[in-house]
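User: Could you walk me through how some of the labels for this model were reached? I like to see the value next to the cut-off.

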Amino acid sequence: MKNLQNLSEDQITADLLPQKFGRRGKIWTAGLIVICCIGAFAYIKQLREGLVVTNMGDYASWGIYISNFVFFVAVSLVGSLITAIFRLSGVPWRTPLTRIAEIIAVSNITFAALIIIVDMGRPERLYFLFTHGRLQSPIMWDVIVITTYFFLSLLLLYITLIPDVKLMISLKDKLGKPFSKLYKWMASFWQGTEAQEKIRNKSITILCVTIVPVAFCIHTVTSWLFATTYRPGWDSTNFGAYFVSGAFLVGAGAVGIAMFVYRRVYKLENYITDDHFDKMGKITVMLALLYLYFNVNEFLVPAFKMKEEEKAYLNGLFTGDYSIMFWFAIMVGMIIPTLVLINKKGRKPLPMFIAGVMIVVGAWFKRYLIVTPTMLHPLLPKYNSPLRFNHYFPSWEEWAITIGSMAGVLLIITFFTRVFPIISIYKTLEDKHAITNKNETTEQYESNLQVS
Amino acid sequence: MKQLNNMKVIYKYLKLVISLVLLLGISIDTIQAQDSVASKTQLIISYFLPANKVPYLEVTTRKKIGRKFEAVKNIPVDIYFNEADPNNLLGKVITDTIGKGRIGLPPSFKNTWDSLNEFKFLAQSELPAGQDALSADITIKKAILSVDTTSVDGTRMVTAELKEKNGNDWVPVKDIDMKLAVKRMDANLSVGDKDFYTSDSTGVSSAEFKKDSIPGDKKGMITLVAEVDDNDTYGNLVTEKAVNWGKAIAPQKDFFAQRTLWAIRSETPIWLLFTVWGIAIGIWGTIIYLVIQILKIRKLGVSGPIKEDL
């Protein structure tokens with residue numbers, strides 16, 4: 001943060017303004033578009049031929065789509081952690097991370113909603129969910145809460161963007177025309193008057209207070225989709241906390257990756273400093289240990305009892321068909337990142353990036369393990385079913401759609417970065433003023449401004 | 001010597017045991033052989049006059065396998081009045097999975113029905129080549145059964161009267177066994193202690209109603225049934241009468257029509273409606289408030305003083 005003292009306002013503005021894609025950026029974007037197109041092709045095939053193109057069956061009726069949905073919902077929770085919780089608790093170093101977290105939240109929640117429509121098979125069924133949906137069903141609660149969280153995240157992103165967009169309108173000559181109409185539509189009214197500032201700050205505070213319980217709801221309700229069903233592995237009172245803690249961990253991991261990539265690609269070393277990695281690393285360790293604690297609760301207690309109806313499921317995870325994936329998710333998704341990040345050297349940018357990748361990959365497989373093994377171990381006996389129903393491995397269409405949706409998430413983040421500053425210029429300038437003028441925190445600076 | 005005598009006794013008993021075992025084995029074999037033999041298919045025709053409905057004829061096809069009857073399905077049967085003539089054909093049926101087929105007497109049969117007092121119905125089935133044709137007939141007299149209630153010294157009585165058509169008159173029929181019962185969901189429950197009540201010289205049979213506390217509908221209505229069952233002369237006759245002798249029971253609300261978590265959407269529990277809508281309105285109210293705040297910022301920007309520096 002102290003680096004800001006040595007930077008001029010012009011330098012900060014120039015560093016943080018959105019930049020045109022370079023060669024690497026174009027290749028990256030084109031690659032994502034190609035992957036999305038393959039996913040779209042597979043989805044069109046699924047629309048034409050039906051869910052028969054998937055390898056889901058009578059038992060594994062929820063497959064990779066639902067795993068992916070849970071994963072996206074989990075990652076989206078980071079918006080509330082970094083923006084809302086950090087703001088409400090007055091974390092002074094949050095500025096370079098908030099917008100990264102917000103766009104990760106918006107992009108992931110968008111695709112979480114879309115992937116559910118993919119899983120429905122026929123998209124018009126979404127309409128039937130509203131006309132025929134039962135309020136008693138957690139699926140209905142999930143639809144309500146996801147829609148709510150999406151709008152709240154979008155509002156938070158927009159309100160915090162307004163001053164930056166106004167700044168970009170004034171820098172039209174430098175930025176060129178491509179998005180000037182969009183900028184004008186978004187923020188031409190912003191003059192930064194005291195009255196406007198007051199309303200904006202108040203709105204952000206209200207949003208932050210609102211978004212925290214909604215964020216907890218979104219993943220708790222998602223966990224209830226499973227926990228309200230009497231099945232081995234899902235029949236747990238621990239599920240809400242287990243899901244929320246896991247979501248915060250994967251979100252923190254995703255932010256760690258994004259911090260490293262943005263810092264490196266856009267040369268933001270003065271803004272996303274080693275100190276940010278250090279602090280974010282400590283938070284990630286705490287979240288990993290918390291998630292590990294809930295995992296111990298989730299698996300050790302049932303394993304101790306080894307109830308007859310859960311035996312096959314638990315043995316499948318610990319030593320059976322899913323054991324490699326299970327131990328991979330535990331080790332790579334929680335234990336190794338903890339061991340890496342617990343050391344000060346491990347909280348440097350590159351190790352933090354590697355730990356972030358491990359957490360995110362481990363988290364994806366963890367969601368797969370939450371869904372599939374349970375589906376394949378129903379409590380009711382299996383009768384007269386084809387042998388293939390006893391196993392599940394996604395078809396190429398499922399993989400294509402899933403990977404396409406992940407590419408879609410990255411594409412939203414990429415386009416956003418092209419159009420808007422990924423670190424708030426306005427807030428960074430405020431931070432600079434706070435440091436240079438008073439050597440105080442931003443919060444103290446803001447309160448001083450209000451007093452004056 | 002004594003040992004020799006003992007040996008003889010043992011030998012004698014051993015012979016007896018061996019003989020019994022052999023006899024038992026042969027008997028079991030014989031029974032098993034009988035059990036595995038299937039008899040020819042049988043065709044039966046019956047006449048029914050249900051309460052307030054059109055009389056109908058029912059055919060049954062069955063086969064004795066071992067010591068029990070089993071239904072024979074998919075047998076086509078033609079049913080005639082009087083004789084197997086195409087002009088007398090009343091209808092065709094194919095027996096179902098329980099070996100039964102049924103036809104109501106057609107409207108075209110009304111004049112014949114009104115003009116006669118005794119009827120012969122014939123059922124015939126042409127089976128595939130190599131199998132004997134099936135045939136059965138029944139002759140019934142036209143009869144009418146009625147049920148009523150009386151009260152003698154405060155005692156409730158159920159009476160049923162059976163009359164047959166004789167010439168142009170209806171005359172009472174005596175010595176016919178009939179059931180006097182209360183209609184329940186699965187079967188009929190006798191109103192008194194006996195299963196059957198026999199008609200007297202006036203054609204009337206009566207029984208004391210002893211099911212005072214039997215549950216009725218919400219007004220206490222129950223249905224009394226009089227039934228002549230599989231009679232050689234009159235067939236099967238049933239008649240009913242609704243009376244308010246039952247205990248009034250408020251009908252239970254349909255299990256799935258209650259406000260529960262497993263009910264349909266219109267039966268959502270009130271607490272859940274309040275909770276979900278309360279939260280949704282609270283949060284969406286906040287979202288709407290925030291949108292209004294943005295509009296306010298926009299309005300201030302349009303009308304307020306212009307600030308040069310950000």
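Predicted model: local features only at pLDDT ≥ 70, side-chain atom pairs only at ≥ 80, totals over all residues.

User: Why is G91(B) called partly exposed?

Analyst: G91(B) has 17 C-beta neighbours inside 10 Å. A residue is buried at 20 or more and exposed at 12 or fewer, so G91(B) falls in between and counts as partly exposed.

User: Where does G91(B) lie, and what is it in contact with?

Analyst: G91(B) belongs to strand β5 of chain B, residues 89-94. Neighbours within four places in sequence aside, G91(B) is in contact with I79(B), I103(B) and P106(B). Its C-alpha atom is also 7.2 Å from that of Y80(B), 11 residues away along the chain.

User: What makes α4(A) roughly perpendicular to α11(A)?

Analyst: Helix α4 (residues 78-88) and helix α11 (residues 239-265) of chain A pack at an angle of about 75°. Angles of 65 to 115 degrees count as roughly perpendicular, so that label applies to α4(A) and α11(A). Their axes are 8 Å apart.

User: Which residues meet where α4(A) packs on α11(A)?

Analyst: From α4(A) come V78(A), L81(A) and I82(A), which meet F248(A), G251(A), A252(A), A254(A) and V255(A) of α11(A). By class, this contact has seven nonpolar, one polar and no charged residues.

User: How many residues are in contact between the two chains, chain B and chain A?

Analyst: On chain B there are 26 residues in contact with 29 residues of chain A. The chain B side has 17 nonpolar, five polar and four charged residues.

Key
Residues numbered from 1 in each chain as written. Chains lettered and ligands numbered in written order. Contact = placed C-beta atoms within 7 Å. Nonpolar A, V, L, I, M, F, W, Y, C, P; charged D, E, K, R; others polar. Helix = DSSP H or I, 4+ residues; strand = E, 2+ residues; numbered from the N terminus. Axes fitted to C-alpha atoms, helices over the stretch in contact; angles between N-to-C directions. Parallel < 35°, antiparallel > 145°, perpendicular 65-115°, else oblique.
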